[in-house]
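Colleague: I would like to learn how to read a model of this kind with some care. Could you take me through it feature by feature?

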Amino acid sequence: LQTRFAPILFTTSASERDYFWGRYWSGFVLVLGLNAFYLLGTFLFSLLPVKNLGPIDGQALLAAIGYILVPNTFVLYTLCFGASVLTRSAKSAYLTSMFVLLAMIFAVSLHEINRAVAIYDPTAFGVLLDQLEHLSPAEKNTYMPALFGDLMWNRLVWVLLTSIVLWTARKRFSYKCFSQAATAKKQKKSKRKHSVKKNQSTED
């Protein structure tokens, strides 16, 4: 709507609900598909004749998809999407992604001092590091996260918080708000240009 797309929306039958969820799910599926290539690359790499590399366990791969891939994609994408909607600015998505990165670094850096800090990591990397760093390679190959362990609680907390952000973004989303924000920006720019021209003419 900030790229002069508002007139098209107002002359079509696309409702706010259809437009919102269409944009959300199309972006989510795209990002999830791109992230899935990482697991595909890991699986294909396991087929290469590399020393000290064991076969990939199918159950562990499914656990990685259920515990890490899908929740992380949902959390990271939805937080960025929701921030853009609530602030009516795409720049907020970049700031949100930086916040998530800093939260992950914070949790990983302090997990040895306070293990409870890992629960604040949106990516759950700190939780996995806390559980895997003291295991042997053989134990890591057969490791499966506990059903009701720290990893599960981390996933539940962040999925719940992200769902609240998504629900709030849907309630706050409006064609008129975006259109008014874009109009206000244009008026502000035009006033600024007018004042600059007026100052230049005064100096001349």
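Colleague: What share of the contacts in the protein chain with a separation of 6 or more comes from residues 24 or more positions apart?

Modeller: A contact means heavy atoms within 4.5 Å, and in the protein chain, among contacts with a separation of 6 or more, 68% are between residues 24 or more positions apart. Please keep in mind that this is a predicted model, in which local features need pLDDT of at least 70 and side-chain atom pairs count only at pLDDT 80 or more, while totals for chains, interfaces and linings use all residues. Residues are numbered from 1 along each chain as its sequence is written, and side-chain values use heavy atoms, with hydrogens and water left out.

Colleague: Where in the protein chain is confidence lowest, and where is it highest?

Modeller: Where pLDDT is low, the predicted coordinates should not be read in detail. This score is the predictor's confidence in each residue, from 0 to 100, and the chain has a mean of 77, with 75% of its residues reaching 70 or more. Confidence is lowest in helix H8 (residues 175-203), at a mean of 55, and highest in H7, at 91.

Colleague: How many helices and strands does the secondary structure come to?

Modeller: Helices (H or I, at least four residues) and strands (E, at least two) are DSSP runs, numbered from the N terminus; here there are eight helices and zero strands.

Colleague: Which residues of the largest nonpolar core touch the most other members?

Modeller: In soluble globular proteins, nonpolar side chains tend to be buried together. A nonpolar core is a set of buried Ala, Val, Leu, Ile, Met, Phe, Trp, Tyr and Cys residues joined through side-chain atoms within 4.5 Å, where buried means under 20% relative accessible area, exposed over 50% and partly exposed in between (1.4 Å probe, protein chains only). Of the 15 residues in the largest core, Phe 20, Tyr 24, Phe 74, Phe 81 and Val 85 touch the most other members. Helix H2 (16-46), H3 and H7 are the elements that give two or more residues to this core, and H3 gives the most, with six. A second, separate core of eight residues includes Ala 63, Tyr 67, Val 127 and Met 152.

Colleague: How many aromatic pairs does the structure hold?

Modeller: Rings of Phe, Tyr and Trp (its six-membered ring) pair if their centres lie within 6.5 Å, and planes under 30 degrees apart count as stacked, over 60 as edge-to-face and the rest as tilted. The structure holds twelve such pairs. The rings of Tyr 24 and Trp 25 have centres 5.1 Å apart and planes at 80°, so this pair is edge-to-face; Tyr 24 is buried at 0% relative accessible area, whereas Trp 25, at 45%, is partly exposed. Tyr 24 also forms a stacked pair with Phe 28, at 6.2 Å centre to centre and 10° between the planes, and because these two residues are four apart in helix H2, about one helical turn separates them.

Colleague: Is Thr 162 buried or exposed?

Modeller: Thr 162, which lies in helix H7 (residues 150-172), is buried at 0% relative accessibility. Its side chain reaches the backbone oxygen of Trp 158 at 2.6 Å, a polar contact being a pair of N or O atoms within 3.5 Å; within protein, one must be able to donate a hydrogen and the other to accept it, and residues adjacent in sequence count only if both atoms are side-chain atoms.
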